[in-house]
Amino acid sequence: MNVLVVDVGGTNVKILATGQNDPRKFPSGPTLTPQDMVDGVRKLAGDWKYEAVSIGYPGLVSKGRIAVEPRNLGPGWQTFDFEAAFNCPVKLMNDAAMQALGSYKSGLLLFVGLGTGLGSALVKEGIVVPMELGHLPYRKGNYEDYVGRRGLERRGKKKWGTHVAFSVGRLIEVFHPDDVVLGGGNAKKLKEVPRECRLGGNAYAFLGGFRLWQSVADSNVALPDGSVAAEQGKDSETGNNARPYVQGGHRPSGKKAGRAFSQALRR
């Protein structure tokens with residue numbers, strides 16, 4: 001099966017299909033509707049063959065459906081029928097979770113996405129838990145205000161990098177991960193990578209999209225280090241038949257949960 005992966009961001013929509021080596025992209029932004037996205041993707045991927053689509057969405061996805069309208073895009077995403085628009089099976093996943101899935105090696109992975117906003121997810125033994133930690137209160141706003149694109153533009157790389165290091169350090173204290181990946185489009189702008197972390201890249205988002213169909217898809221994707229990861233229904237390290245990855249967990253909700261996370265992050 002040929003899979004088309006669509007990574008929807010606040011700045012660009014990026015796509016890659018099975019058997020292709022070079023991603024393609026077109027601009028997104030605060031007026032981009034889901035129909036605009038589909039039209040742009042279909043036009044850009046017009047010469048590619050695919051029978052299924054994976055979409056990384058910049059917001060909360062619950063039980064395979066968009067649960068909340070995006071903060072940095074146009075309206076209409078919650079009720080949009082993506083399978084009808086693409087005329088094929090579609091799997092939706094939070095964009096940070098999709099990149100986390102592609103970055104996963106073993107143990108407990110903490111993924112922090114530094115893009116238009118602040119994405120976050122945990123991965124453990126094939127279970128992906130998307131989080132919305134960027135919306136928790138921090139100083140005079142929330143973490144996204146300081147660590148997302150707004151924080152980078154307002155404060156410059158040096159101060160922004162300091163807030164990134166502080167925030168990631170607190171998350172490490174809370175979750176005690178075995179592996180920490182900093183991904184998203186702005187991760188490469190860090191002058192220094194915080195201790196215990198490694199840089200990810202957009203290629204891992206594509207790999208995560210292919211892994212959503214891992215039991216049936218044959219795909220190759222170039223990784224940021226120049227290597228190529230092959231997904232052919234088997235685990236690339238063990239050679240064993242791979243089971244499908246599962247998106248699980250629940251978004252922290254309510255004032256009590258928000259206070260608990262915020263207090264832990266401020267320690």
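Which residues lie nearest the centre of the largest pocket? The points below take up this matter and then turn to the remainder of the predicted model.

1. The largest pocket. Gly10, Asp95, Gly115, Thr116 and Gly117 lie nearest the centre of the largest pocket, and its lining comprises 44 residues. Two or more lining residues come from each of strand S1 (3-8), strand S2 (12-17), helix H3 (95-103), strand S8 (108-114), strand S9 (118-124) and helix H6 (202-211). The space in this pocket amounts to about 840 Å³. Sorted by class, its lining holds 20 polar, twelve charged and twelve nonpolar residues.

2. Overall architecture. The protein contains 17 strands and seven helices. Of its 267 residues, 54% are buried. Among contacts between residues at least 6 apart in sequence, 60% join residues at least 24 apart. The accessible surface is about 12,900 Å², and carbon and sulfur atoms account for 49% of that area.

3. Confidence. The mean pLDDT of the protein is 83, and 80% of the residues score at least 70. Residues 224-228, however, have a pLDDT below 50, and this stretch makes nine contacts in the model beyond near neighbours in sequence. For residues 230-244 the pLDDT likewise stays under 50, and the model has 28 contacts for them beyond four places in sequence. Where pLDDT is low, the predicted coordinates should not be read in detail.

4. Met93. This residue belongs to strand S7, which spans residues 90-94. Met93 counts as buried because its relative accessibility is 1%, where the cut-off for buried is under 20%. Met93 and Gly209 stand 116 residues apart in sequence, yet their C-alpha atoms are 8.5 Å apart in space.

5. Glu144. Is this residue, with a relative accessible area of 6%, buried or exposed? Glu144 is buried, since a relative accessible area of 6% falls under the 20% cut-off. Glu144 is placed in helix H4 (residues 143-147). Apart from neighbours within four places in sequence, Glu144 is in contact with Arg71, Gly117, Leu118, Gly134, His135 and Arg150. One of these contacts, Gly117, is also among the residues nearest the centre of the largest pocket.

6. Gly151. Helix H5, covering residues 149-175, includes Gly151. Gly151 counts as buried because its relative accessibility is 0%. Beyond neighbours within four places in sequence, Gly151 is in contact with Asp145, Tyr146, Gly156 and Trp160. From Gly151 to Val164 the separation is 13 residues in sequence and 9.9 Å in space, C-alpha to C-alpha.

7. Arg139 and Glu196. Which phi values do these two residues have? Arg139 is not a glycine, but its phi is positive, at about 50°. Glu196, also not a glycine, has a positive phi of about 70°. Arg139 sits in the loop between strand S11 (137-138) and strand S12 (141-142), whereas Glu196 sits in the loop between strand S13 (179-183) and strand S14 (198-199). Arg139 is exposed because its relative accessible area is 59%, where the cut-off for exposed is over 50%. Glu196 counts as exposed at 59% relative accessibility.

Note on methods: Residues numbered from 1 in each chain as written. Predicted model: local features only at pLDDT ≥ 70, side-chain atom pairs only at ≥ 80, totals over all residues. Heavy atoms only, no water. 1 Å grid on protein atoms, 1.4 Å probe; cavity = no way out; pocket = protein on both sides within 12 Å on 5 of 7 lines; lining within 4 Å. Points joined across faces, edges and corners; volume = space filled by probe spheres on them. Helix = DSSP H or I, 4+ residues; strand = E, 2+ residues; numbered from the N terminus. Nonpolar A, V, L, I, M, F, W, Y, C, P; charged D, E, K, R; others polar. Buried < 20%, exposed > 50% of the residue type's maximum accessible area, 1.4 Å probe, protein only. Contact = heavy atoms within 4.5 Å. Areas by Shrake-Rupley, 256 points an atom, 1.4 Å probe, with all protein chains shown as cover. pLDDT = per-residue confidence, 0-100.
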